[in-house]
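Biologist: Hi, could you walk me through this one? I'd like to go piece by piece.
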Amino acid sequence: MQNNKNILLIGGYNSLLGSKIYFYLGRKYKIFRTSRTRNIRLNLNNLQNIKKVLKKYKPNIIINCSAYTDVNGCEKNPIKAIKDNCLSNFNLCEVYDKLDIKQKHIIYISTDQIYNNKKNKNKEENIDLINT
């Protein structure tokens, strides 16, 4: 039984996490799946594309699983990493904030590959980050 009150948009649907979220929530909510290449195409580095997609589907919940996840690639190309993993989320929030959608929520899920702590469990206050 679907909950028509909430419309979800999953960014990065073709990621492992994005597809699992769809699998678990797909029967309960109306979900639109996005990626750069399949389903609904969403390029988070293109403000016009973001606006067009969000205006069309009017999600009140966005779960963003999209990211540049190649750790070595991020280290070799930090500009691309910042563009795809930081600025893209800023773009999404900036456009979403301006749309007339009630009770908007964004959930951003990041990678676990950011901490350089190899001996102990990672903690948020640990600021020894890699690939930044």
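**The pocket and its surroundings**

Modeller: Happy to! This is a predicted model. Let's begin with the pocket: α1 (16-25), β2 (29-35) and α4 (78-98) each supply at least two residues of the lining of the largest pocket.

Biologist: What volume does the largest pocket have?

Modeller: Its volume is about 440 Å³.

Biologist: And how many residues line the largest pocket, and which lie nearest its centre?

Modeller: The lining is made up of 23 residues, and Gly 12, Cys 65, Ser 66, Ala 67 and Tyr 68 lie nearest the centre.

Biologist: How does the lining of the largest pocket split by class?

Modeller: There are 13 polar residues, eight nonpolar and two charged.

Biologist: Okay, over to α4. Why does the distance between its end C-alpha atoms agree with the expected span?

Modeller: α4 has 21 residues, and at 1.5 Å a residue these should span 30 Å; the end C-alpha atoms are 29 Å apart, so the two agree.

Biologist: Where is the kink in α4 centred?

Modeller: On Leu 87, and the kink is about 35 degrees.

Biologist: Which residues of α4 are buried?

Modeller: Ala 81, Asp 84, Asn 85, Ser 88, Asn 89, Asn 91, Leu 92, Val 95 and Tyr 96. An α-helix has 3.6 residues a turn, so residues three or four places apart point the same way.

Biologist: Changing topic: is Ser 35 buried or exposed?

Modeller: Ser 35 lies in strand β2, and it counts as buried because its relative accessibility is 3%, with the cut-off at under 20%.

Biologist: What is Ser 35 in contact with, leaving aside neighbours within four places in sequence?

Modeller: Asn 14, Ile 40, Arg 41 and Leu 42.

Biologist: And Asn 49, buried or exposed?

Modeller: Asn 49 sits in helix α2. Its relative accessible area is 19%, which is under the 20% cut-off, so Asn 49 is buried. Setting aside neighbours within four places in sequence, Asn 49 is in contact with Arg 41, Leu 42 and Asn 43.

Biologist: Zooming out, how many helices and strands does the protein chain have?

Modeller: Four helices and five strands, and from the N terminus on they run β-α-β-β-α-β-α-α-β. Of the 132 residues in the chain, 33% count as buried.

Biologist: What about contacts across the sequence?

Modeller: Among contacts between residues at least 6 apart in sequence, 56% join residues at least 24 apart.

Key:
Residues numbered from 1 in each chain as written. Predicted model: local features only at pLDDT ≥ 70, side-chain atom pairs only at ≥ 80, totals over all residues. Heavy atoms only, no water. 1 Å grid on protein atoms, 1.4 Å probe; cavity = no way out; pocket = protein on both sides within 12 Å on 5 of 7 lines; lining within 4 Å. Points joined across faces, edges and corners; volume = space filled by probe spheres on them. Nonpolar A, V, L, I, M, F, W, Y, C, P; charged D, E, K, R; others polar. Expected span 1.5 Å × (residues − 1). Bend = angle between axes of the 7 residues up to and from the residue. Buried < 20%, exposed > 50% of the residue type's maximum accessible area, 1.4 Å probe, protein only. Contact = heavy atoms within 4.5 Å.
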